[in-house]
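Here are a few worked exercises to go through with the structure open beside you. Try each task yourself, then follow the solution step by step.

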Amino acid sequence: MENNNSRRNFLKKSAALALGAIAATTAANAAFASNSLTAEKMLKPDGEKFTLPPLPYSYDALEPHIDKLTMEIHHDKHHQAYVTNLNKALETVDSTILGSSITFATIFEKINKLPVAIRNNAGGHYNHSLFWTLMKPNGGSEPKGILANTINTSFGSFDEFKKQFTDASMKRFGSGWAWLVHSNGKLIITSTPNQDNPLMQMDSIEIKGTPILALDVWEHAYYLKNQNRRAEYIASWWNVVNWKTSEDIFIAATK
């Protein structure tokens, strides 16, 4: 019974996040926000292959904070490469491992049994799909509502949360991601290397749970505009954070 409950909880959390990450249309976002989309209705690969979700805004929509050329290359080249390579890697996997319904949930749950190429590319596809929706034109400021209250309770203040999240982003050596995660009823800041994420069921993932906020600190996310100045990039990113989507994911994760 405990294993079944654990699996059910994992599917619920990962389904909520996948929907929040990929749903770019108004109708899908509304359904996600109302929590009417469940694990059984998770978005699945189109035609048994994963596809690149469109950006929910134009390439230049985040300027002057994140430049048009970076967004175009990041989305059309880097993210597309993860999708292409994920589909190729999945062709080499025994169908008995993942079953007939291949989703992010099944991949991340069984990540230890899968080739490194799937770990890297499924992580890359998933992380970026989430990342795009957690930014928007004229974003930034501070969260509101239940997420704001929980951040204040968890970290003392929004400014202290922002300081700790920035610190985690700066201290991630090399390439990786910084996360705000809902884990065991708490909000926790953590980071992962490369394209790993907190949904992957691996011992090396120190904090497992539902990502509420994500920041890509690979150099390709900022090098064209900020060169090696990661701190400058992070400071700019705070101006485009989509707190509404972040709160929607948080509310779905806590139900």
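## Exercise 1: one side of a helix

In helix 7 (residues 145–155), the buried residues include L147, A148, I151 and F155. Helices (H or I, at least four residues) and strands (E, at least two) are DSSP runs, numbered from the N terminus. Buried means under 20% relative accessible area, exposed over 50%, and partly exposed in between (1.4 Å probe, protein chains only).

**Task.** Work out where these residues sit around the axis of helix 7, and what they pack against.

**Solution.** 
- Step 1: They cover an arc of only 100° around the axis, so they lie on the same side of helix 7. The arc is that of the directions from the helix axis to the C-beta atoms.
- Step 2: Their packing partners are helix 8 (158–171), strand 1, strand 2, strand 3 and helix 11 (243–254). Packing here rests on contact, meaning heavy atoms within 4.5 Å.
- Step 3: Look just past the end of helix 7, and you'll find G156 with a positive phi of about 95°.

A quick word on ground rules: this is a predicted model, where local features need pLDDT of at least 70 and side-chain atom pairs count only at pLDDT 80 or more, while totals for chains, interfaces and linings use all residues. Residues are numbered from 1 along each chain as its sequence is written, and side-chain values use heavy atoms, with hydrogens and water left out.

## Exercise 2: the sheet

**Task.** Find the strand order of the open sheet, and say how its strands pair.

**Solution.** 
- Step 1: The 3 strands come in the order 2-1-3, and the pairing is antiparallel. Two strands pair if DSSP finds at least two bridges between them.
- Step 2: At the edges are strand 2 (186–193) and strand 3 (210–216), each pairing on one side only.
- Step 3: On average, neighbouring strands of this sheet are turned by 20° against each other, direction ignored. Axes are lines fitted to C-alpha atoms, for helices over the stretch in contact, and angles run from 0 to 180 degrees between N-to-C directions.
- Step 4: Helix 6 (residues 116–133) packs on the sheet and touches strand 1 and strand 3; its direction makes about 85° with that of strand 3.
- Step 5: Now count the bridges. Strand 1 (residues 176–183) is joined to strand 3 by 6 bridges, and to strand 2 by 8 bridges.
- Step 6: Check who faces whom. L180 stands opposite L213 in strand 3, W177 opposite D216 in strand 3, and W179 opposite T190 in strand 2.
- Step 7: Strand 1 and strand 2 form a hairpin with 2 residues between them, and N184 in the turn has a positive phi of about 50°.

## Exercise 3: how enclosed is strand 1?

**Task.** How many residues of strand 1 are buried, and which ones lie on each side?

**Solution.** 
- Step 1: The count is 8 of the 8 residues, so strand 1 is largely enclosed by the rest of the structure.
- Step 2: In a regular strand the side chains alternate between the two faces of the sheet.
- Step 3: G176, A178, L180 and H182 are on one side, W177, W179, V181 and S183 on the other, and all are buried.

## Exercise 4: a threonine in strand 2

**Task.** T192 lies in strand 2. Is T192 buried or exposed, and which side chain does its own side chain join in a polar contact?

**Solution.** 
- Step 1: T192 has 4% relative accessibility, so T192 counts as buried.
- Step 2: The partner is W179, with a polar contact of 2.9 Å between the side chains. A polar contact is a pair of N or O atoms within 3.5 Å; within protein, one must be able to donate a hydrogen and the other to accept it, and residues adjacent in sequence count only if both atoms are side-chain atoms.
- Step 3: Leaving aside neighbours within four places in sequence, the contacts of T192 include R172, S175, N197 and I205.
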